[in-house]
Amino acid sequence: AVYEAVRAAMGDPCERLLWHGTSWQSLPNILSHGFNRAYSGRHGSKFGVGTYFSPDPEYALRFCDRSAPRAILLARVLVGRYARGAPEMREPPLVEEPVGPAASPGVEVGRKRYDSTVDNCQQPRIFCIF
């Protein structure tokens, strides 16, 4: 229900299937209550203080417990519109200018935020969700 409410509020956002590596200790909480960015930063915050996902399961495995078996989750993630992230970000940056069909009609420049941040806007390998 929450996922669908967020999806509706974002207006038909880009959704991707992405991997999230975690510890066995954290797994029950994620499965019961979802991802919580209050636990962010355990492995750094290179692209912002959020929950990290990747389309590459090998990359996500780097954030699991070291011993096998390891816990990795495949999740539907609403990445929406994204921008390049930075360590100090606690929320995505403001949209600098409307771009093509992705621009929201009637939204003033600098008054709307991106939905997430990434390592590389052309070929994202790491997504940070706030």
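This is a selection-by-selection tour of a predicted model of one protein chain.

Residue numbers start at 1 along each chain as its sequence is written, and side-chain values rest on heavy atoms, with hydrogens and water left out. Since the model is predicted, local features need pLDDT of at least 70 and side-chain atom pairs count only at pLDDT 80 or more, while totals for chains, interfaces and linings use all residues.

**Whole chain**

Select the protein chain and colour it by pLDDT (the predictor's confidence in each residue, from 0 to 100). The mean is 87, and 88% of the residues reach 70 or more.

Switch to a cartoon view. The chain has three helices and six strands, in the order α-β-α-β-α-β-β-β-β from the N terminus. Helices (H or I, at least four residues) and strands (E, at least two) are DSSP runs, numbered from the N terminus.

Now show the surface. The accessible surface of the chain comes to about 8300 Å², and carbon and sulfur atoms hold 52% of it; the areas come from the Shrake-Rupley method with a 1.4 Å probe, and for residues only the protein chains shown count as cover. Of the 130 residues, 33% are buried. Buried means under 20% relative accessible area, exposed over 50%, and partly exposed in between (1.4 Å probe, protein chains only).

Contacts are heavy atoms within 4.5 Å. Among contacts in the chain with a separation of 6 or more, 70% join residues 24 or more positions apart.

**The largest nonpolar core**

Select L18, F53, A75, V77, V79, V118, F127 and I129: these eight residues form the largest nonpolar core. β3 (71-78) and β6 (127-129) each supply at least two residues of this core. The term covers buried Ala, Val, Leu, Ile, Met, Phe, Trp, Tyr and Cys residues joined through side-chain atoms within 4.5 Å. In soluble globular proteins, nonpolar side chains tend to be buried together.

Centre on V79. Beyond the residues up to four places away in sequence, V79 touches C14, R16, L18, D115, S116, F127 and I129.

Is S116 buried or exposed? S116 is buried, with a relative accessible area of 0%. Leaving aside neighbours within four places in sequence, the contacts of S116 are V79, R81, Y82, A83, P92, C128, I129 and F130.

Select T51, in strand β2 (residues 51-53). T51 has a relative accessible area of 10% and is buried. Not counting residues up to four places away in sequence, T51 touches H20, F35, N36, R37, S40, F127, C128 and I129.

Then take G48, in the loop between α2 (27-33) and β2. This glycine, G48, is buried at a relative accessible area of 1%. With residues up to four places away in sequence left out, G48 touches A86, P87, M89, C128 and F130. Draw a C-alpha to C-alpha distance from G48 to V118: the two are 9.0 Å apart in space and 70 residues apart in sequence.

**Cysteines**

Display C14 and C128. C128 is buried at 0% relative accessibility, whereas C14 is partly exposed at 32%. The structure holds zero disulfides (pairs of cysteine sulfur atoms within 2.5 Å).

**Salt bridges**

How many salt bridges does the structure hold? There are two, where a salt bridge is a side-chain nitrogen of Lys or Arg within 4 Å of a carboxyl oxygen of Asp or Glu.

Select R125 and D56 for one of them, with an N to O distance of 3.3 Å. R125 lies in the loop between β5 (116-118) and β6, and D56 in the loop between β2 and α3 (57-60), so the pair ties together parts 69 residues apart in sequence. Both ends are partly exposed: R125 has a relative accessible area of 37%, and D56 has 23%.

Finish with E91 and R113, whose side chains meet in a salt bridge at 3.1 Å, N to O. E91 and R113 both lie in the loop between β4 (82-84) and β5, so this pair ties together parts that are 22 residues apart in sequence. E91 is partly exposed at 43% relative accessibility, and R113 is partly exposed at 33%.
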